[in-house]
Amino acid sequence: MKNKKLLAAIFLLIFSVVFLNVCKEAPPSKLQFALSFSSSAHSENITGRVFVFVSEDDQREPRLQAGSWRNSAPFFGKDVEDLEPGQEVLIDENILGYPTESLQEIPEGEYYVQALVNIYTRFERSDGHVIWAHMDQWEGQQFNRSPGNLCSEVKKVHLDPDKDYQVELNMDQVIPPIKVPEDTSLDVCHHFPASLSLF
């Protein structure tokens, strides 16, 4: 009987130690960005990819500081399908980014943040398959500059990955069209010396 009580006491002690250790473990980061767009900016549902850009520099919009292979501001992206106006999509520590892989790796401090959604177009292929992809708008496939895409205003925030809070970003600004140069006629005779024979 004494052995059973001793075993029960030992078991209870071990269980208590394990339980206390689990409770003492730091919870995962709950820092989130909540992204949405309004119907006044875009009346239809959107299939595409949303981004959050994080920068310590306010010389240019954060979206314009990202995308290059070198010296890119951290940005994080997530695919969206049939996203409705007013519907929120969350960017948290589980969303991969570049060059910083996770929001958890962003040091605590003051930052300038901005959100953007790259809007995809539906393409029906001749083989019957349907794909969604970005349609170039004379910007050279630069998603962060593409006309028609939506972005938010730049917001200055204090970020701390160890704190539980949410940063809301409303993508209600439409990137304007790029001014395409007008076609001009080419005077062949003007560009070739008179002494040059083409035949």
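Glu124 is exposed, at a relative accessible area of 60%, where exposed means over 50%, buried under 20% and partly exposed in between, computed with a 1.4 Å probe on protein chains only. The side chain of Glu124 meets that of Arg122 in a salt bridge, with an N to O distance of 2.5 Å. A salt bridge here is a side-chain nitrogen of Lys or Arg within 4 Å of a carboxyl oxygen of Asp or Glu. Arg122 has 44% relative accessibility and therefore counts as partly exposed.

The model is predicted: local features need pLDDT of at least 70 and side-chain atom pairs count only at pLDDT 80 or more, while totals for chains, interfaces and linings use all residues. Residues are numbered from 1 along each chain as its sequence is written, and side-chain values use heavy atoms, with hydrogens and water left out.

By the salt-bridge rule the count comes to 5. Another salt bridge joins Arg125 and Asp127, whose closest N and O atoms are 2.5 Å apart. Arg125 has a relative accessible area of 42%, so this residue is partly exposed. Asp127 is partly exposed too, because its relative accessible area is 43%.

The pair of Arg63 and Glu61 also forms a salt bridge between side chains, at 2.9 Å from N to O. Is Arg63 buried or exposed? Arg63 is buried, because its relative accessibility is 10%.
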